[in-house]
Amino acid sequence: MTTTVRELLASVTRTIEQAAPNPMLPVEAAAAVGHCGRALRDLAFEGVDAFGTRGMHASVIALADSCDRVAATWPSGTGRAELLAGAGTDAITQISSQLPPSSRWALAVELAAVVRHCGRHAGSFPPVAHAPQLAEVHAAAAAVLQVSTLYPPTQRGRVALDRSVPSVRPSPELTGIAAAAGAASALAAALHAQVARRVLSMSELLACARTAAVAARSAAVFAAALAGPEQAFRPWAAAPKAWDAVCGSCAPFDDGTKLRPPTRSEVLAWAAHIETSLYNASRGTPRELAADATALRAIGNQLPDLADDLDRAVRRWSAGNHVLAPQHRLARYEDEKLDASQDEAVVFVRGSDFDDVTAALWDARRLSINLAGELDRSSATLGRQPQPDLAARYVAASDVASQRELRIHAKRAQNRAAATARSRQWGYAPRPRRAR
Amino acid sequence: MHVTEVTRRIDTAARLLSAVGRAADTTPGAGIHCLVAADHLGVAGADATRGTGAATPGTAEQTIRVALAELAGLPPDVFARDDVLDAADAARTALARAEDGE
C-alpha cells in the first residue's frame, strides 16, 4: 500500500514510543532526530519579513542545530525508527526545492512534533533522562510548535504531507488493487522525473494514459456503486473516456519510440505493473471492500498529477522539433491539396498540432479531480482516505467548478473518445539504410 | 508573565475549545480534537468555567484560532510542558479538520 510522508513520520514517532527504555533507545532516537535535522535544514526559508516568516525561519534553524547536537552526542545507530526517519527525510529533501513556503512550514511543524516525541521518549531511559541535549532539543521543538500555534499550517501547505513516498520495486506481499496503489505513486514519481529531465517519450506518455484509463475505470465503477441513486449528475463517470481520448489524440504522433520503446523505462514498467494488478484484481476472488476502496482512493489521487506532468511534456514538445506525424493526419494540412507523393510525407509536429492532445489532457485532469473528490466523499462510509488534505483540495476544486463546466468537460471527453476510438496509432519507422 | 495571566490564557483556551467541541454545528473530526485539547488543558490545570470573553467569537475555525493564539502567548517554559504541547497539537488537528470539513 502506498505510504505518505505523514504516515512515514507518524511511524517514526510510534516506533520510538513503543520501544522499551533500554540503552539502544537514546541511540536510535538520536539517529532519527539527526535525520529530522537534515530535513529541517532543507525546509528552512527566509521569506518576506512582513509575513512573520523570520520567526519561523529562526526557530526551524535553531531546531535543526539542536538535532545535529543530539545526533552527535550518541554513537551512530540503526533501527526501524532510524530507517523510517531516513526514508522520510530523503523523500522530503527530494521535493523540498519545489515546495512553496506554506508546504515547507507544514513539513517543518510535523518534523518538530516528531523530534519532540523522540526527545521525550529517549529520556524515558533513566541514565539519559536529564541529558542537556535532550532537554535542549525538546525546548527547540516546542519553540517551533509555539510559533505554529500563531501561524498554523494552511490547508494548501498540508498537502505536502500527503505526498506519496514511491516504492523502489513492487512489493511481493501486495496483490490486486493494493499492489496497483503502491505502484501508482512510483509511476507518478517516475513520470515526474522523466518530465523534469525532459526525456519523456511518446511510448511512455501512451502507457501512462492507457494505465490512467484503466485505473479511472476501476475507480469510477467503485464510485458509482457507492453513489446514491439520487445522484444523477456524475461527470466523473466520464474520466475513463477522457483518458481514452488522450490515447486517441496521440494516434498521429510518434518520436520513434512507439515501435521501439525504451528498454529500461521505469514509467513503462510501473504502468504495466498497475495494469496487470488491476486486471488480476478484476478476475480474482472478492477481497476486503474497505481495503480496496482505500487503495482506489490512493490511485485516484494520483491521476490529476499524471495529467499535469503529461501536459508539461506535451507543451515542451509543441515548442520544438521533437515529435513526427504523417502530414496528411495533421489539421493544418487539411485544406492543402496533397498529391500522392506527399501522402507519405512525415513532418515535425509543433504548436497548434497538439491542441487536441492538450484539450484532452485538460479534460482528463478536470474529470480526474472530480473523480478523486467523489471517491473522497465516500471515505466516511467505506475504507479511509489515505491523503486527506490532498483530497480536501480536490473536493474544494470540484465544488468551485460549476455543473455546466463539468458537463462540458464530460461531453467533450466522450465525443473525443468516440471520434478517436478507431484512430490507428501511427509509428515512425525509419527507412533502412541502403548498403553502399 | 504573571501567574494569573498564564492561568487566564489556558482557562480561556480551554473554554473556547470545549465550547467548539460541544457545539452542534461543529464537524465530528474537529469536535473530538477540540474536546481532547480541552481535556489536555484541564490536566495542565485549566478550568474552562473560569474563562472570560464571548462564548465563541465566531465560526469553529475562528474560535479555534483564537484559542491557539491564547496558547501562543504563553511563556516558552509553560508552553513546553507536555500537557500544553499535547493540547496545542490537538487544537491544530482540530483546525485542520474544520478547514477540511471533516
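**B:Gly45 in its loop**

Where in chain B is B:Gly45 found? B:Gly45 sits in the loop between helix H2 (28–43) and H3 of chain B. The model is predicted. With 41% relative accessibility, B:Gly45 counts as partly exposed, because that value lies between the 20% and 50% cut-offs.

Which residues does B:Gly45 touch, not counting those up to four places away in sequence? They are B:Ile10, B:Asp11 and B:Arg50. B:Gly45 and B:Val20 are 25 residues apart in sequence. From C-alpha to C-alpha, B:Gly45 and B:Val20 are 19 Å apart in space.

**Helix pair in chain B**

Two packed helices are described by the angle between their axes and the distance between the axes. Helix H1 (residues 3–22) of chain B and helix H3 (residues 60–72) of chain B have axes that come within 8 Å. They cross at roughly 160°. H1(B) is therefore roughly antiparallel to H3(B), since the angle is over 145 degrees. The crossing of H1(B) and H3(B) is left-handed.

On the H1(B) side, the contact is made by B:Arg8, B:Arg9, B:Ile10, B:Thr12, B:Ala13, B:Leu16, B:Leu17 and B:Val20. H3(B) supplies B:Ala60, B:Thr63, B:Ile64, B:Val66, B:Ala67, B:Ala69, B:Glu70 and B:Leu71. By class, this contact of H1(B) with H3(B) has eleven nonpolar, two polar and three charged residues. B:Ile10 takes part in the contact with H3(B) and also touches B:Gly45.

**Chain A overall**

Chain A has 15 helices and four strands. Its C-alpha atoms fill a box of roughly 90 × 65 × 50 Å along the principal axes. Of its 436 residues, 53% count as buried. Take the contacts in chain A with a separation of 6 or more: residues 24 or more positions apart account for 84% of them.

**Helices H12 and H13 of chain A**

How do H12(A) and H13(A) run relative to each other, roughly parallel or roughly antiparallel? The axes of helix H12 (residues 289–318) and helix H13 (residues 355–377), both of chain A, cross at roughly 160°. H12(A) and H13(A) are therefore roughly antiparallel. Their axes come within 9 Å. The crossing of H12(A) and H13(A) is left-handed.

H12(A) contributes residues including A:Leu296, A:Arg297, A:Gly300, A:Leu303, A:Pro304 and A:Asp308 to the contact. From H13(A) come, among them, A:Val357, A:Leu361, A:Arg365, A:Ile369 and A:Asp376. The residues of the contact of H12(A) with H13(A) divide into eleven nonpolar, four polar and six charged.

**Covered helix H10 of chain A**

H10(A) is mostly covered, with nine of its eleven residues buried. Those buried residues are A:Ala239, A:Pro240, A:Ala242, A:Trp243, A:Ala245, A:Val246, A:Cys247, A:Gly248 and A:Ser249. The cover includes helix H9 (202–226), H12, H13 and H15 of chain A.

A:Thr420 lies in helix H15 (residues 403–420) of chain A. Leaving aside neighbours within four places in sequence, A:Thr420 is in contact with A:Ala245, A:Gly248 and A:Ser249. A:Thr420 has 15% relative accessibility and so counts as buried.

**Aromatic pairs**

How many aromatic pairs does the count give over all chains? The count comes to two. One is the tilted pair of A:Phe253 and A:Phe354, at 5.1 Å centre to centre with 50° between the planes. This pair links distant parts of the chain, 101 residues apart. A:Phe253 is in the loop between helix H10 (239–249) and helix H11 (266–283) of chain A. A:Phe354 is in the loop between strand E4 (346–349) and H13 of chain A. A:Phe253 is buried at 3% relative accessibility, and A:Phe354 is buried at 2%.

A:Trp426 and A:Tyr428 also form a tilted pair: 6.2 Å centre to centre, 50° between the planes. A:Trp426 counts as buried at 11% relative accessibility, whereas A:Tyr428 is partly exposed at 30%.

**A positive phi**

Most residues other than glycine have a negative phi. A:Arg198 has a positive phi, near 65°. A:Arg198 lies in the loop between helix H8 (176–196) and H9 of chain A. At 57% relative accessibility, A:Arg198 counts as exposed.

Note on methods:
Residues are numbered from 1 along each chain as its sequence is written. Chains are lettered from A and ligands numbered from 1 in the order in which they are written. This is a predicted model: local features need pLDDT of at least 70, side-chain atom pairs count only at pLDDT 80 or more; totals for chains, interfaces and linings use all residues. Side-chain values use heavy atoms; hydrogens and water are left out. Axes are lines fitted to C-alpha atoms, for helices over the stretch in contact, and angles run from 0 to 180 degrees between N-to-C directions. Helices (H or I, at least four residues) and strands (E, at least two) are DSSP runs, numbered from the N terminus. Angles under 35 degrees count as roughly parallel, over 145 as roughly antiparallel, 65 to 115 as roughly perpendicular and the rest as oblique. A crossing is left-handed if the near helix is turned anticlockwise from the far one by less than a right angle, and right-handed if clockwise. Contact means heavy atoms within 4.5 Å. Ala, Val, Leu, Ile, Met, Phe, Trp, Tyr, Cys and Pro count as nonpolar, Asp, Glu, Lys and Arg as charged, and the others, Gly among them, as polar. Rings of Phe, Tyr and Trp (its six-membered ring) pair if their centres lie within 6.5 Å; planes under 30 degrees apart count as stacked, over 60 as edge-to-face and the rest as tilted. Buried means under 20% relative accessible area, exposed over 50%, partly exposed in between (1.4 Å probe, protein chains only).
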